[in-house]
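Please find some notes below for a reader who is new to this entry. They are set out as numbered points.

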Amino acid sequence: MSSKSPKAEPLVGVIMGSQSDWQIMRKAAEALEELGVAYETRIVSAHRTPGRLYEYANNAQARGLKIIIAGAGGAAHLPGMTASMTNLPVIGVPIQSKTLKGLDSLLSIVQMPAGVPVATVAIGEAGAANAGLLAASILALSDADVAKRLADWRARQTAAVGETPKSD
Ligand SMILES: Nc1c(C(=O)O)ncn1[C@@H]1O[C@H](COP(=O)(O)O)[C@@H](O)[C@H]1O
């Protein structure tokens, strides 16, 4: 996988522990895409590719990234280890695991020791989508264009919610 926005330099790094996480993490990418935020996607694993993680986390800020979204399942060390090596905000996405339904992922990501924060979202697709929205909200603080697109998106979401439930 590579950058989805070749013209703009990526501001958000969407990383995941395995190719098998992509079906969930694509929701973060889709949210960023919809809000016009340039991002890149990478498979990086604290367990399987520790050298790649070290290089990615240590160089992320110098490469111009502003936020990292990290998704992992099971013994999900990727978000925390990423946060240990960068001052960028790290948003952790717990991937649903087969055996423990993602509770293992959630607890691995959320229970960080004081001093190394990871902003943890909910397990699975909704969490991944929210991670993308959160990243856009952070960028919107200093980017009026993203702020406008985010406000418009929120307004459309609100307008799409009907007031009266339809009967089948
Ligand atoms: N939790 C981690 C890390 C890590 O934290 O570094 N690297 C891979 N994994 C996770 O292992 C699960 C199973 O991976 P496979 O499907 O490749 O066996 C994935 O959800 C991945 O995030």
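1. Helix α1 (residues 22–34) lies across β1, β2, β3 (67–73) and β4 (90–95), and runs at about 170° to β1. Helices (H or I, at least four residues) and strands (E, at least two) are DSSP runs, numbered from the N terminus. Axes are lines fitted to C-alpha atoms, for helices over the stretch in contact (C-beta atoms, placed from the backbone, within 7 Å); angles run from 0 to 180 degrees between N-to-C directions.

2. This is a predicted model: local features need pLDDT of at least 70, side-chain atom pairs count only at pLDDT 80 or more, and totals for chains, interfaces and linings use all residues. Residues are numbered from 1 along each chain as its sequence is written.

3. Helix α5 (residues 125–140) lies across β1, β3, β4 and β5, at about 170° to β4.

4. The sheet is open, with five strands in the order β2-β1-β3-β4-β5 and parallel pairing. Its edge strands, β2 (39–43) and β5 (119–120), each pair on one side only. Two strands pair if DSSP finds at least two bridges between them. Strand β1 (residues 12–16) is joined to β2 by five bridges, and M16 has I43 as its bridge partner in β2.

5. Around the ligand there are 16 residues, of which G17, S18, S20, A46 and G73 come nearest; a residue is near if its C-beta atom, placed from the backbone, lies within 6 Å.

6. K101, in the loop between β4 and α4 (103–110), has a positive phi of about 60° although it is not a glycine. K101 counts as exposed because it has 12 C-beta neighbours inside 10 Å, the limit for exposed being 12 or fewer.

Technical notes:
Two residues are in contact if their C-beta atoms, placed from the backbone, lie within 7 Å. A residue is buried if 20 or more other C-beta atoms lie within 10 Å of its own, exposed if 12 or fewer, and partly exposed in between; C-beta atoms are placed from the backbone.
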